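Thanks for coming. I will take one structure and walk through it a piece at a time.

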Amino acid sequence: RSSSAGAWSRCAAQALRTVDATQLQSDVDSAARHGLSLLAASDAGYPPALRPFAGMPAVLWVRGDAAALATPQLAMVGSRNPTALGASTARQFAAWFARAGITITSGLARGIDAASHEGALGAGGLTVAVCGHGLDRVYPPEHEALATRIAATG
């Protein structure tokens, strides 16, 4: 490990010890305005599948029903530029698994991710979008309606 990694660890530990309660409350209030809730690792509703991992997230920001996070899940990810057959196959697989009671988890990205979410929703199943960006906006922007459907019913 390099010395910069040790310095980063000390810096991160110090930041965690000196949480700015005012800023934290401001962040929580802002998230609530965007329809988000905070789910801490200490909360009963925290996904049990994440608990065994040492690097589990300390908190999750959730839009929609957090109970979906505790259901059996299948992750489906793939190409951002699939063939028409690839996207159709992803939708069909996701629909089949969703009808079997399995929650489809993907990343809300273009291509296979979106097709997987759409397949689950089309089958009346649950789907979870794990986003690697701020939840005060949707990326890609053309997935705004899909994100809204996921939050409402998925």
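**A histidine in a loop**

Helices here are DSSP runs of H or I with at least four residues, strands are runs of E with at least two, and both are numbered from the N terminus. Before I go on, two sentences on where the numbers come from. This is a predicted model, in which local features need pLDDT of at least 70 and side-chain atom pairs count only at pLDDT 80 or more, while totals for chains, interfaces and linings use all residues. Residues are numbered from 1 along each chain as its sequence is written, and side-chain values use heavy atoms, with hydrogens and water left out.

Back to H143: is this residue buried or exposed? H143 counts as buried, because its relative accessibility is 10%. Buried means under 20% relative accessible area, exposed means over 50%, and partly exposed is in between, using a 1.4 Å probe and protein chains only. What does H143 touch, leaving out residues up to four places away in sequence? The list is L108, A109, R110, A114 and V138. A contact means heavy atoms within 4.5 Å.

Take L108 from that list. L108 is in the loop between β4 and α4. L108 is buried, because its relative accessible area is 2%. Its phi is near 65 degrees, a positive value in a residue other than glycine.

The loop between β5 and α5 also holds P140. Y139 and P140 are joined by a cis peptide bond, with omega at about 0 degrees.

**The chain as a whole**

Now step back. The protein chain has five helices and five strands, and along the sequence they follow the pattern α-α-β-β-β-α-β-α-β-α. The C-alpha trace spans about 50 × 35 × 30 Å along its principal axes. Of the 154 residues in the protein chain, 29% are buried. If you take contacts between residues at least 6 apart in sequence, 61% of them join residues at least 24 apart.

How many of the eleven residues of α4 are buried? Nine are, and α4 is described as mostly covered. Among the buried ones are I112, D113, S116 and H117. The elements that cover the buried residues of α4 include α3, β4 (103–106), β5 and α5. Just after α4, G124 has a positive phi of about 80 degrees.

I'll take the two helix neighbours in turn. α3 and α4 pack at an angle of about 40 degrees, and their axes are 7 Å apart. The axes are lines fitted to C-alpha atoms, for helices over the stretch in contact, and the angles run from 0 to 180 degrees between N-to-C directions. The two helices are therefore oblique to each other. Angles under 35 degrees count as roughly parallel, over 145 as roughly antiparallel, 65 to 115 as roughly perpendicular, and the rest as oblique. From α3, the residues in contact include G86, A90 and R91, and from α4 they include S116 and E118. By class, the residues of this contact are eight nonpolar, three polar and two charged. Here Ala, Val, Leu, Ile, Met, Phe, Trp, Tyr, Cys and Pro count as nonpolar, Asp, Glu, Lys and Arg as charged, and the others, Gly among them, as polar.

The other neighbour is α5. α4 and α5 also pack at an angle of about 40 degrees, with their axes 11 Å apart. They are therefore oblique to each other as well. α4 brings A114, H117, E118 and L121 to the contact, and α5 brings L146, R149, I150 and T153. That contact has four nonpolar, two polar and two charged residues.

**The core**

Which residues make up the largest nonpolar core? There are nine: M76, A87, A90, A94, A98, I104, I112, A115 and A120. A nonpolar core is a set of buried Ala, Val, Leu, Ile, Met, Phe, Trp, Tyr and Cys residues joined through side-chain atoms within 4.5 Å. α3 (84–99) and α4 (112–122) each supply at least two residues of this core, and α3 gives the most, with four. A second, separate core has eight residues, including L39, A41, L60 and A68.

Last, the other side of the count. L85 is in helix α3, and L85 counts as exposed because its relative accessibility is 63%.
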